[in-house]
Amino acid sequence: MPVSAHPRASAACSVLALTFALAACSTSTEPEAPQIDWASMSQDELVTMARAEGSVSVYAFTSRIASIEESFEAAYPGIDVMATDISSTELITRLASEHRAGSATADVAYVSDAPVVVTELLADGVLESYVPKRVSESLPEEFQQPLVANRLSTKVLMYNEEANPDGPPVDNLWALTDPEWSGRVMMVDPNVRGDYLDLVTEMSLRADDMAQAYQDHFGREVELDDGVEDAGLQFITDLYDNDAILVDDTDTVNSSVGARGQANPPVGFTTYSDRRDNEDEGWALQVAADVAPSPGIVFPAMLGITAEAKNPAAARLLVDYMMGDNSETGGPGFEPFYVAGDYPTRDDVVAPTDALSLGDLGAWRIDPEASAERRAQVADYLLTIQ
Amino acid sequence: MKALPRTKTVRRPIHALAAAVIVVLVILVAAPLAGLVTRTLDADADGVWSQVFASPLSENLLWRPLGNSLLVGLGVGALATVFGAFLAWVVVMSDIPGKRVIGVLATVPFALPSFAIALAWESVFRNERIGGTPGLLSSVGISVPDDLSWGLVPTVLVLTAHYYSLSFVIVSAALLGIGGDLVAAAELTGASRLRVATRIVLPAVSPAILSGFLLAFAEGVSNFAVPALLGLPVRFQTLSTRLYGAISTGDAVRGYALSIVLVVVAGMVLWAGNRATKRRSYATITGKASGIRTVRTGAWRWPLFAMAALLVTLTAIVPGLVLAVSTLLRRTNSFDGGFTLHYWLGESDSAIAQGMRGVLRDPIALDATKSTILLGLLVAVGAALIGLLGAYVVRHLIRPRILGSTIGFLSYVPFLIPGVAFGAAFIALFGAPIGPLPSLYGTFAILVVAGVAASLPFAFQTSKAALGQVSNELEEAAVLTGAGGPRRFARITTPLVSRGVVGGSVLVFVTMVRDLSLVVLLVTPATPLLATMTYRYASEGFTQHANAITLVIAVISVAATILARRLTRAQPTGIPS
């Protein structure tokens with residue numbers, strides 16, 4: 001796409017870039033390198049600059065980054081990818097510490113835990129957003145902010161379809177607070193893992209939906225206990241009271257809920273795409289999609305550029321690559337993430353057909369910024385109802 | 001040595017040495033610790049201390065987890081010391097058969113990851129509480145109460161099974177240092193066997209017993225994996241699960257505050273332990289040690305053997321086998337799918353583990369093995385040196401006493417600083433160039449430095465225990481002959497404590513090759529480590545691959561242990577005459 005086609009857009013971007021440059025100057029005494037107008041740069045120019053840089057370092061929360069390293073290096077010979085895979089928590093701490101010490105070694109971050117990214121990294125300007133122009137039109141606005149997201153993952157209610165051949169054993173989340181589900185609902189402790197805290201936070205943010213579902217299930221209006229702020233938190237309170245079983249990782253939920261040969265298996269909140277291991281592991285995991293008000297959450301995996309990236313062009317080229325090409329499956333740059341039960345963010349990439357569509361799944365889409373504001377209070381509340 | 005006129009010449013180099021040790025400890029331990037404290041006090045910490053100590057959250061955030069942590073720590077400390085000391089005595093001093101094999105096996109549990117032992121526990125005792133595949137007992141119809149499957153009891157027992165190796169290594173080094181002639185002399189005076197045991201052997205090894213207890217306590221309260229795995233299903237929380245939970249849900253500052261609480265609690269335990277053994281001399285090494293005098297156990301020979309064999313079977317062989325078998329199972333932790341070598345040797349096959357090839361076909365496996373061993377060796381040597389010098393200073397520095405206590409404290413607490421916080425502190429310290437020195441961050445060197453810092457407790461405590469046995473008279477005699485400080489240290493102290501120091505170095509080596517959390521923020525793709533490979537596999541749910549690498553790590557650790565024993569056996573003990 002020639003630059004001149006959108007003179008206004010690129011002018012706007014230049015103003016933006018200037019603003020950023022001024023902001024940067026005001027906090028730093030070092031002379032600034034001339035600002036580059038990434039948004040108006042053509043793909044060829046970007047590739048040329050990236051080649052000149054010759055390498056790019058990426059921190060990623062998934063080991064699937066190794067196959068990106070391989071395919072990117074094949075697609076752009078001469079640009080060496082150095083991939084470090086560490087957990088999201090450690091990744092965030094590492095980036096923040098490097099930023100404070102002024103010794104960034106990463107150019108790109110591929111990171112989950114979106115609400116923590118908002119509070120720990122974006123607030124301090126550790127990461128910057130880059131939306132490749134190529135995909136900006138096929139990428140809904142919500143996945144361009146606060147950082148560009150390339151896919152969505154899930155934490156949803158799953159059940160054992162071998163023991164329940166006629167479909168989900170519950171049709172409403174509130175059923176899990178009934179005596180018959182005592183000690184038979186599993187989740188990872190939301191005070192131990194961030195994505196499960198996001199799940200509970202979302203229940204609180206969607207308190208109206210939770211209240212309506214209560215009405216549907218019990219036929220009366222929800223009554224909040226003393227000190228309980230909303231219907232979402234009332235649900236988790238009742239669930240804990242019903243001897244919900246907390247564990248320390250998703251694999252335990254999968255094998256407990258999914259293992260075949262169980263007469264009375266529990267249900268649990270876990271990752272929809274883990275269903276791909278059903279055959280391999282002898283599981284019968286299935287999603288309880290129609291459960292009211294929602295089976296759980298979908299949340300983004302995000303790509304950001306570090307503020308002090310030493311290879312800014314190669315960094316942007318890698319982000320561009322990981323957003324996928326224009327084929328239906330997103331091509332090699334998206335291939336490791338093209339998994340049934342995960343969802344591409346681009347509306348021109350067709351989600352794998354072996355899983356429900358995002359619409360049919362009916363999971364809540366978290367808003368990282370709203371979640372960031374609420375989740376600390378939710379975490380504190382959960383501590384009081386152990 | 002109060003009356004000796006040479007006291008001054010002894011002291012001056014000690015002060016210089018003390019200063020040097022303090023400087024190193026301030027950089028490696030105090031600075032990261034101060035960084036933690038600062039983070040909990042600065043503006044965006046948002047009143048974290050009042051939240052922790054005086055808010056509606058305090059009970060579930062601090063007090064109950066703290067109580068549980070103390071139960072776990074004291075339970076593990078006590079049981080690990082009893083089991084470790086018992087095995088050490090059996091292996092070193094008794095006449096039971098198969099001593100050598102038992103001696104090697106007693107060091108294996110520490111080389112295994114704690115989760116492997118927890119897994120072994122679960123494979124027997126897991127009940128129906130969390131669904132899935134039940135353990136052995138449940139599957140044959142024996143109902144297992146929750147208290148035995150989950151919570152305090154299994155957490156303490158599993159951690160004890162993991163950490164008694166510490167006491168074993170330290171106490172057996174101490175027992176080897178007791179001269180057989182001492183025991184023989186006592187027996188000649190008509191002392192009964194019990195009297196020899198309580199008056200000579202026990203006092204001689206009590207510095208070692210204290211060190212073993214302190215290490216097991218600190219490891220017990222800081223371990224996260226086991227209480228998380230076995231405690232959470234019954235909402236059994238410890239400070240470690242709370243602090244890692246806080247960090248991983250994005251409230252790092254709260255996690256740091258809890259880890260400072262742990263550091264303070266551990267400091268108090270250290271103080272109490274030292275006080276209990278203060279002002280007594282445990283010196284038994286007074287010169288060239290004669291060979292070990294074996295105790296005839298008579299009718300007790302076979303019962304003792306049975307107990308020792310049972311202990312190492314349950315804690316080393318069974319978990320080791322569980323781990324090994326788990327790498328051969330087609331399906332994760334389940335016999336349904338049959339056995340396969342795929343996870344070791346297989347080429348990529350899209351039907352298995354999403355096409356992940358076997359670990360031995362991973363191109364970085366060999367590199368990772370090499371750099372892991374190199375890192376382990378360098379850290380072991382570095383930590384041993386600092387630990388020995390630190391312990392030497394603490395023993396010989398009479399005044400000011402606060403200096404000795406500071407060294408002791410700083411050398412004890414690194415376990416209790418979460419790996420992530422340690423890493424962040426080292427990035428802050430070494431991330432930027434210091435004067436003419438280039439930034440260490442991103443190099444292999446910073447891994448070594450951080451590793452030394454994190455594993456100092458092993459080196460310091462083992463050296464301290466070993467030095468506690470060496471009589472001051474030896475040095476005083478050397479002073480009379482005009483030997484200088486460094487010469488005395490090299491020719492007298494070092495050979496006498498070598499067994500203990502080597503034992504400590506092995507513990508350091510094993511921790512370094514096994515534990516990722518120490519260096520996770522500092523590794524780069526240029527220095528692949530086996531532990532990072534384990535993480536990579538485990539994080540994507542490739543359990544068999546991860547366990548295979550873990551087994552490789554365990555084999556390396558055990559090989560190192562055996563090698564070190566050969567080394568110390570070949571060395572002359574006592575002073576060259």
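This is a predicted model: local features need pLDDT of at least 70, side-chain atom pairs count only at pLDDT 80 or more; totals for chains, interfaces and linings use all residues.
Local features need pLDDT of at least 70 and side-chain atom pairs count only at pLDDT 80 or more, while totals for chains, interfaces and linings use all residues. Residues are numbered from 1 along each chain, chains are lettered from A in the order in which they are written, and side-chain values use heavy atoms, without hydrogens and water.

Between chain A and chain B, about 4400 Å² is buried, with carbon and sulfur atoms giving 48% of that area (buried area is the accessible area, for a 1.4 Å probe, that two parts lose on being put together, summed over both). Chain A brings 58 residues to the contact and chain B 53 residues, contact meaning heavy atoms within 4.5 Å. Of the area that chain A buries against chain B, 14% comes from A:Arg94, A:Asp280 and A:Leu383, more than from any other three residues. The interface also holds 3 salt bridges (a side-chain nitrogen of Lys or Arg within 4 Å of a carboxyl oxygen of Asp or Glu). A salt bridge joins the side chains of B:Arg254 and A:Asp380, at 2.7 Å from N to O.

Within chain B, helix 21 (residues 472-480) packs on helix 22 (residues 485-514) at an angle of about 160°, their axes lying 11 Å apart. The two helices of chain B are therefore roughly antiparallel (an angle over 145 degrees; helices are DSSP runs of H or I with at least four residues, and axes are lines fitted to C-alpha atoms over the stretch in contact, with angles from 0 to 180 degrees between N-to-C directions). Helix 21 of chain B contributes B:Leu474, B:Glu475, B:Ala478 and B:Val479 to the contact, and helix 22 of chain B contributes B:Arg488, B:Ile492, B:Thr493 and B:Leu496.

Note on methods:
Angles under 35 degrees count as roughly parallel, over 145 as roughly antiparallel, 65 to 115 as roughly perpendicular and the rest as oblique.
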